[in-house]
Amino acid sequence: MIEIDEKYIAGVDIGGTWIRVAVCPVNLKEESIRIKITKTLKENKYSISNSVCKLISELIDENYIKKTQILGIGVASAGPLNTETGVVFNNANLGFREIPLKEPIEEKFHGIPLYFINDCNGAVLGVHYFEADGGERDNLVYITISTGVGGGVICNGHLLLGKEGNAAEVGHALVEPRSRAQCNCGAYGCWEAYSSGTGVRNRALDALQEGKLNADILMSILEEDKSKLTAKEVFQAAREGDELSKKIVNDCIFYTKVGIGIVNNYYDCTSIYFGGAMMKDKEQIIPHVIEQFERDPIKFTMNHPPKIKLTKYRDEIGLRGALAFVKYKLENHQVIS
Ligand SMILES: [Zn+2]
């Protein structure tokens, strides 16, 4: 009989820019995690699965691991993702209408179970296993604020997945009922339309078009070229006192408070961990949010307020989530669906 510590887990995190792959022992020991990373190629619809297979093979060869020692491969991907068929569909950033992942990976790693999960649902498991303390790990929410706003929820120790694995799409919570701000999903007034990177950019462009607020500092940062505008310049200009940018950043923060309030009303969570590219400007967002929920939470939520935190694993939380998902499946945790 083989000792349990001779068994391994592989994890994969697929994003619009990077593919990350890891192997580690089944006990998820921090210091034993081995990682490889490559740019996301978009030459054809098999480019991603080819990169994934290549990186896993390299990792197991370099660490003298045999395929038979791998108990499962967890694949976390930007969605929408069909977690049964392992196909990513209609993703705006990955380049093809349908990207098959399950078949090509299965072909190469025949006999090893594959587990698919959308990246935010994976990330909350990453926080649960690697980061959260005993008091918070069973009622936990992870929220990414990046190109979009997405979430993952663990409630009473159960990961919430939904019928197709896309539960907790918190970014499309309606935070402004009479809004004219259109979201990537087509609806108006979603949290994502105000607080995501795309949202901040679009709201700034709308406000520039409207021309009511002074934006001299922003335009000078952009060298008068609106096409260069991203959330980063808006946050920078706000720091320097630009009137229009301050309004946009204040909206981003305000609607994040509304979003957190909705999430806490629904899930009654102990802690909410934030991650995602927008957290590079965390100093402009997180302290305001923490202060609000410490001082006057009732404005935004009926339930006792959650602790607001940042994941320390930054860009790696999705990959850790993919590893953790295999562990979660192997331990036969109940998935609420
Ligand atoms: Zn939406």
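In this predicted model, five strands make up an open sheet of mixed pairing, arranged in the order 3-2-1-4-8. Its edges are strand 3 (34-39) and strand 8 (114-118), each of which pairs on one side only, and neighbouring strands of the sheet are turned against each other by 15 degrees on average, direction ignored. Strand 4 (residues 70-77) and strand 8 run parallel and are joined by five bridges; in strand 8, L114 is the bridge partner of I73.

| Helix | Strands touched | Angle between directions |
|---|---|---|
| Helix 3 (residues 119-130) | strand 1 (8-14), strand 4, strand 8 | about 100 degrees with strand 8 |
| Helix 10 (residues 317-330) | strand 1, strand 2 (18-25), strand 3, strand 4, strand 8 | about 135 degrees with strand 4 |

A further open sheet consists of three strands in the order 5-6-7, with antiparallel pairing. Strand 5 (81-82) and strand 7 (98-100) are its edge strands, each pairing on one side only, while strand 6 (residues 87-89) pairs with strand 7 in the antiparallel sense over three bridges, and V87 stands opposite P100 in strand 7.

The largest nonpolar core comprises 91 residues, and V124, V141, V234, I272 and F325 are those with the most contacts inside it. At least three residues of this core come from each of domain 1 (4-118 + 316-336) and domain 2 (132-310). If residues up to four places away in sequence are left out, V141 touches V124, G151, V153, V263, Y267, C269 and I272. In soluble globular proteins, nonpolar side chains tend to be buried together.

Definitions and conventions: Residues numbered from 1 in each chain as written. Predicted model: local features only at pLDDT ≥ 70, side-chain atom pairs only at ≥ 80, totals over all residues. Core = buried A, V, L, I, M, F, W, Y, C linked by C-beta atoms within 7 Å. Buried ≥ 20, exposed ≤ 12 C-beta atoms within 10 Å, placed from the backbone. Domains from an automatic or database assignment. Contact = placed C-beta atoms within 7 Å. Pairing = 2+ DSSP bridges. Helix = DSSP H or I, 4+ residues; strand = E, 2+ residues; numbered from the N terminus. Axes fitted to C-alpha atoms, helices over the stretch in contact; angles between N-to-C directions.
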